[in-house]
Amino acid sequence: MEQENHQPSNERDKDAVLISRRRTVKAIGGGLAALGVAYLTGCTPSTRNTMTESVRTPNPTNGYPIVKIAELSSLKIDQPISFEYPLRGQVNLLIDLGKKVENGIGPSNSIVAYNQSCQHMGCPATYNSERKTLFCPCHQTTYDPSFHGTVVVGQGKAALPRIELKIENDSIYAIGVKGLIYGYRNNLLDGEYV
Ligand code: FES
């Protein structure tokens with residue numbers, strides 16, 4: 001009697017184990033196939049979207065991504081807005097200098113943007129609103145954002161890279177970089193697009 005009760009139960013247990021094993025093998029196989037596709041395309045799932053988005057909207061004239069960085073109506077004179085471009089970790093300042101300047105855009109041709117990394121040893125330069133300069137606190141190099149970001153005084157060996165801008169309606173876009181960002185062999189390599 002006891003034998004009759006246990007035999008059907010054992011058979012059911014065996015079937016359940018077999019089904020479970022088949023499902024596990026199938027799931028592992030699917031996962032390995034997905035990893036294989038990712039490997040062959042050079043993308044991992046976590047980076048594919050970011051890379052694809054950047055490739056989708058390149059600037060046809062220079063290959064840089066076109067990225068909205070601020071709204072014109074939110075930008076105040078002498079109050080910089082910080083933004084990363086074109087790669088994460090490449091930090092820049094968008095500044096309305098309040099007067100017409102070389103390469104300035106906007107209603108008064110007063111808006112410019114420069115990479116913040118000092119061309120001496122890479123410390124972040126900050127904006128001095130009284131002098132309208134970009135100042136590096138590490139060794140006191142001073143740059144002029146009203147004139148191509150050139151060195152006014154100090155250890156810096158080159159002008160700060162200028163972020164090229166355009167305005168459409170109320171949106172300010174970064175569309176390129178003039179000059180090599182400190183610490184990079186190419187502004188578009190060795191990092192993840194913003
Ligand atoms: S790092 Fe800026 S002056 Fe040296």
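**View A. Valine 67 pairs with alanine 174 in β10 of this predicted model.** The two residues are bridge partners. Valine 67 belongs to strand β1, residues 67-71. Its partner strand, β10, covers residues 171-178. Four bridges join β1 to β10. The two strands run antiparallel.

**View B. Strands β9 and β10 form a hairpin.** β9 spans residues 162-168. Seven bridges join β9 to β10, and the strands run antiparallel. Where does lysine 166 find its bridge partner? Look to tyrosine 173 in β10. Two residues lie between the strands of the hairpin. Asparagine 169 sits in that turn, with a positive phi of about 55°.

**View C. An open sheet is built from four strands.** The order is β5-β6-β7-β8, with antiparallel pairing. β5 (126-128) and β8 (150-153) stand at the edges. Each has a single partner strand, so one side of each is left without a neighbour in the sheet. Neighbouring strands are turned by 40° against each other on average, direction ignored.

**View D. β5 meets β6 at one end of the strand order.** β6 covers residues 133-135. Three bridges pair β5 with β6 in the antiparallel sense. Threonine 126 stands opposite phenylalanine 135, a residue of β6.

**View E. Glycine 122 lies in the loop between β4 and β5.** β4 covers residues 111-115. Leaving out residues up to four places away in sequence, glycine 122 touches Ser117, Tyr182 and Gly183. Isoleucine 181 is 59 residues from glycine 122 in sequence. In space, the two are 9.0 Å apart, C-alpha to C-alpha.

**View F. Residues 1-56 have pLDDT below 50.** For the protein, the mean pLDDT is 80. A pLDDT of 70 or more is reached by 71% of the residues. Over residues 1-56, by contrast, the pLDDT is below 50. How many contacts does this stretch have in the model, beyond near neighbours in sequence? The stretch has 11. Where pLDDT is low, predicted coordinates should not be read in detail.

Conventions
Residues are numbered from 1 along each chain as its sequence is written. This is a predicted model: local features need pLDDT of at least 70, side-chain atom pairs count only at pLDDT 80 or more; totals for chains, interfaces and linings use all residues. Two strands pair if DSSP finds at least two bridges between them. Axes are lines fitted to C-alpha atoms, for helices over the stretch in contact, and angles run from 0 to 180 degrees between N-to-C directions. Two residues are in contact if their C-beta atoms, placed from the backbone, lie within 7 Å. pLDDT is the predictor's confidence in each residue, from 0 to 100.
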